[in-house]
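Hi,

Here is the structure I promised to pass on.

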Amino acid sequence: MAVHVLAVLAYKEGDRVTSALLASSVNTNPVIIRRLLLALQRAKLVETRKGAGSGSRLSRSPSRINLAQIYRAVENSEPFAVPSTQPNVACPVGNCILRTLDEVFASAEAALEQNLAKTTLAGVLNSCRHPSKHRR
């Protein structure tokens, strides 16, 4: 949803866009969009103005925003969560499973962010403007 919202803002090329218009594009409630915009604003990806001339716009060029930055702005939970209960440390597997999974999941998340960093918002918008015939 965050990439969708930012792509609309990029498409509008600096014009301020209301949460109602963004919600219409995403097909959701404007309140959900406003919450999302707050997270994106905290990450300094958008700037939002209330009152006359209200709306949101990108805080920098879409070529200077990548998907890893967007992911970090909105992902507030661990993508690979471990159970909240502690395993039995007397068990040979329970004794090491959390440490082992922490290493594996940290590596996977680093790979995910590294891959996301290769795609800019400008690239996403370009794909929307020139859709490939091979897309789903």
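The largest nonpolar core has 25 residues, and the ones touching the most other members are V5, L6, L9, L22, L40 and L58. By nonpolar core I mean a set of buried Ala, Val, Leu, Ile, Met, Phe, Trp, Tyr and Cys residues joined through side-chain atoms within 4.5 Å. Two or more residues of this core come from each of α1 (2–11), α2 (19–26), α3 (30–42), α4 (67–74) and α6 (121–129). The biggest giver is α1, with 7 residues. Helices (H or I, at least four residues) and strands (E, at least two) are DSSP runs, numbered from the N terminus. As general background, nonpolar side chains tend to be buried together in soluble globular proteins.

Before you go further: this is a predicted model, in which local features need pLDDT of at least 70 and side-chain atom pairs count only at pLDDT 80 or more, while totals for chains, interfaces and linings use all residues. Residues are numbered from 1 along each chain as its sequence is written, and side-chain values use heavy atoms, with hydrogens and water left out.

If you skip neighbours within four places in sequence, L9 is in contact (heavy atoms within 4.5 Å) with G14, V17, L22, V46, S56, R57 and L58.

Next, α6. Its buried residues are L121, V124 and L125, where buried means under 20% relative accessible area, exposed over 50%, and partly exposed in between (1.4 Å probe, protein chains only). Looking down the axis of α6, these buried residues fall within an arc of 95°, so they line one face of the helix; the arc is that of the directions from the helix axis to the C-beta atoms. They pack against α1, β2 (55–58) and α4.

Y71 lies in helix α4 and counts as buried, because its relative accessibility is 13%. Its side chain makes a polar contact with the side chain of E109, at 3.4 Å. For that term I used a pair of N or O atoms within 3.5 Å; within protein, one must be able to donate a hydrogen and the other to accept it, and residues adjacent in sequence count only if both atoms are side-chain atoms. Y71 and L116 are 45 residues apart along the chain, yet their C-alpha atoms are separated by 8.1 Å. E113 sits in helix α5 (residues 97–116). Why does E113 count as buried? Its relative accessibility is 19%. Not counting residues up to four places away in sequence, E113 touches A68, Y71 and R72.

P87 is in the loop between α4 and α5, and with a relative accessible area of 26% it is partly exposed. Leaving aside neighbours within four places in sequence, P87 is in contact with G94, I97 and L98.

Most residues other than glycine have a negative phi. E13, in the loop between α1 and α2, has a positive phi of about 50° although it is not a glycine. K44, in the loop between α3 and β1 (46–49), also goes positive without being a glycine, at about 60°. E13 counts as exposed at 65% relative accessibility, and K44 counts as exposed at 58%.

Cheers
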